[in-house]
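Please keep the sequence and the model in view while reading.

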Amino acid sequence: MLLVCDHCDTVQTPSGRAPTVSQHCARCDHELYVPKPARLDHMLALALTGIVAFVISNTYPVVTLSAHGRERSATLLLAVSAAADQGAIAVAVITLVATFVLPLTELLLYTWVLLALREHHVPRGFRSAMHTLRAIRHWSMVEVFLLAVIVAAVKLGDLATVTPGIGVFALFVLTCCVGFLRRFDLRDLWTLFSRETGARAL
Amino acid sequence: MNVPARAMDLGLVSCRGCSLVSRIHRGKHEATHCPRCGKLLATRKPGGLTRAWAFLLAAMFLYIPANVLPIMHTSRLTEHRSDTILSGVVHLWEGGSWDLSLIVFVASIVIPVVKMAALFVLFFTAHRGHSGHVRERVYLLHILELVGHWSMLDVFVVALLVTLVKFGAFADVEPESGVIAFAGVVILTLLASSSFDPRLLWDAQVAKRSARHIEPAGAG
């Protein structure tokens, strides 16, 4: 088996130790990918929890503002539509895509792929799903939105009473789920795919 | 010193989509796709540095309006104010939340500036084929990719403020054009760092080492 470092393109063979031990590139010290079994159940649990958290964070307000007997709550989608109403279409689109569309797509694709692989079959559209999952990583920004909620709440502190809603806790859970999910290597799924379809590596 | 073999030199290619190692036939001009994931195989990211430079330069130009133009307008009874990125940080600091203003300062000012400067240095050194401190430069690129998207913070804050502050007659927040320019800067720097291939940095080292290797042989 040959290993090629993703960072510096150096070809090497795995050292004699157990192949599951993490190995580092001889030249650039970047961690080398050594095929290992995918932990489908762990990943699926995180994806499903993430979906639940996603639904809650979008149905309950993230913050509620009250002043002079009036109340106003914000959810993510309300923020998007308010920004669009004010003519800031670009802001609305960026917020919608980075904090709603992409995280949801990511969780659904994970669920779809993992459920099928658990049943030992390769789902339709597996390749496109995997490419999308890889591309999404840098563009979905739930964690940034979570921090933005806190900043916005503090900025309004002198104007009104700000109470955190259930949504913000769900957002926190969602951030954790997505974060942990990304710690699993997508290449493990490719390895599994190879085994299921009988494709062989060099 | 022994020059480690690159996949490129052995006619191998590691797929960018799924990391499967395949053979690529040099001299054959038709495109080869990865047998496993179907992605187009290329020894280095296509477009090379040109694409990365284009995104970075666009981001740098857009950075000027992003900071000069106000990002939002707040009106409260008699008070009207337009905030730029920087004045928003100052306002937050004066309001007593130094900790949060520090976070916003880092996310909106430090990260974009450092990222653009660092990418400039990376692209420039890769362009000139510098071969020193490669490991450190690759590490820098890695860090930049991890923190880059936090700069989007201010864009989301504006969207949230617009929603929350709809208290009819006595307060209103409107987004202004600066925020779009700023979002553009963040997106462009993300594109710039993702279109840069870190292997180019190592290639320069290989080129230098093999040149050194050949010299004495040529003399003798």
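Is B:Trp53 buried or exposed? In this model, which is predicted, B:Trp53 is buried, with a relative accessible area of 15%, and that value falls under the 20% cut-off for buried residues.

## Aromatic pairs

A pair of aromatic rings is described by the distance of the centres and the angle of the planes. Counted over all chains, the structure holds nine aromatic pairs. In one of them, the rings of A:Trp190 and A:Phe193 have centres 5.5 Å apart and planes at 85°, so this pair is edge-to-face. Both A:Trp190 and A:Phe193 belong to helix α7 of chain A, which covers residues 186-197, and they are three residues apart there, about one turn of the helix. A:Trp190 and A:Phe193 are both buried.

Another pair is found in chain B, where the ring centres of B:Trp53 and B:Phe120 lie 5.4 Å apart with the planes at 80°, so this pair is edge-to-face as well. B:Trp53 sits in helix α1 (residues 48-68) of chain B and B:Phe120 in helix α3 (residues 98-128) of chain B, so the pair ties together parts that are 67 residues apart in sequence. While B:Trp53 is buried, B:Phe120 counts as partly exposed, at 34% relative accessibility. Both rings also belong to one aromatic cluster, which is formed by B:Trp53, B:Phe120, B:Phe123, B:Phe124 and B:Phe196.

## Two packed helices in chain A

Two packed helices are described by the angle between their axes and the distance between the axes. Helix α4 of chain A, residues 126-136, packs with α7(A) at an angle of about 165°, and the two axes are 11 Å apart. Since angles over 145 degrees count as roughly antiparallel, α4(A) is roughly antiparallel to α7(A). The crossing of α4(A) and α7(A) is left-handed.

Which residues meet where α4(A) and α7(A) pack? On the side of α4(A) they are A:Phe126, A:Arg127, A:Met130, A:His131, A:Leu133 and A:Arg134, and on the side of α7(A) they are A:Leu186, A:Leu189, A:Trp190 and A:Phe193. Sorted by class, this contact has seven nonpolar, one polar and two charged residues. A:Trp190 and A:Phe193, which form an edge-to-face pair, are thus met again among the residues of this contact.

## A buried valine in chain A

A:Val91 is found in helix α3 (residues 89-118) of chain A and is buried, with a relative accessible area of 1%. Leaving aside its neighbours within four places in sequence, A:Val91 is in contact with A:Ala83 in chain A, and with B:Val155, B:Ala159, B:Val179 and B:Ile180 in chain B. Between A:Val91 and A:Val80 there are eleven residues in sequence and 7.9 Å in space, taken from C-alpha to C-alpha.

## Two loop residues

A:Ala26 is found in the loop between β3 (23-24) and β4 (31-32) of chain A, and at 70% relative accessibility A:Ala26 counts as exposed. A:Ala26 and A:Thr59 are 33 residues apart in sequence, and their C-alpha atoms are 50 Å apart in space.

In chain B, B:Thr84 is found in the loop between β4 (79-83) and α2 (85-94), yet B:Thr84 is buried, with a relative accessible area of 17%. Neighbours within four places in sequence left aside, B:Thr84 is in contact with B:Asn67, B:Val68, B:Leu69, B:Pro70 and B:Ile71.

Methods
Residues are numbered from 1 along each chain as its sequence is written. Chains are lettered from A and ligands numbered from 1 in the order in which they are written. This is a predicted model: local features need pLDDT of at least 70, side-chain atom pairs count only at pLDDT 80 or more; totals for chains, interfaces and linings use all residues. Side-chain values use heavy atoms; hydrogens and water are left out. Rings of Phe, Tyr and Trp (its six-membered ring) pair if their centres lie within 6.5 Å; planes under 30 degrees apart count as stacked, over 60 as edge-to-face and the rest as tilted. Helices (H or I, at least four residues) and strands (E, at least two) are DSSP runs, numbered from the N terminus. Buried means under 20% relative accessible area, exposed over 50%, partly exposed in between (1.4 Å probe, protein chains only). Axes are lines fitted to C-alpha atoms, for helices over the stretch in contact, and angles run from 0 to 180 degrees between N-to-C directions. Angles under 35 degrees count as roughly parallel, over 145 as roughly antiparallel, 65 to 115 as roughly perpendicular and the rest as oblique. A crossing is left-handed if the near helix is turned anticlockwise from the far one by less than a right angle, and right-handed if clockwise. Contact means heavy atoms within 4.5 Å. Ala, Val, Leu, Ile, Met, Phe, Trp, Tyr, Cys and Pro count as nonpolar, Asp, Glu, Lys and Arg as charged, and the others, Gly among them, as polar.
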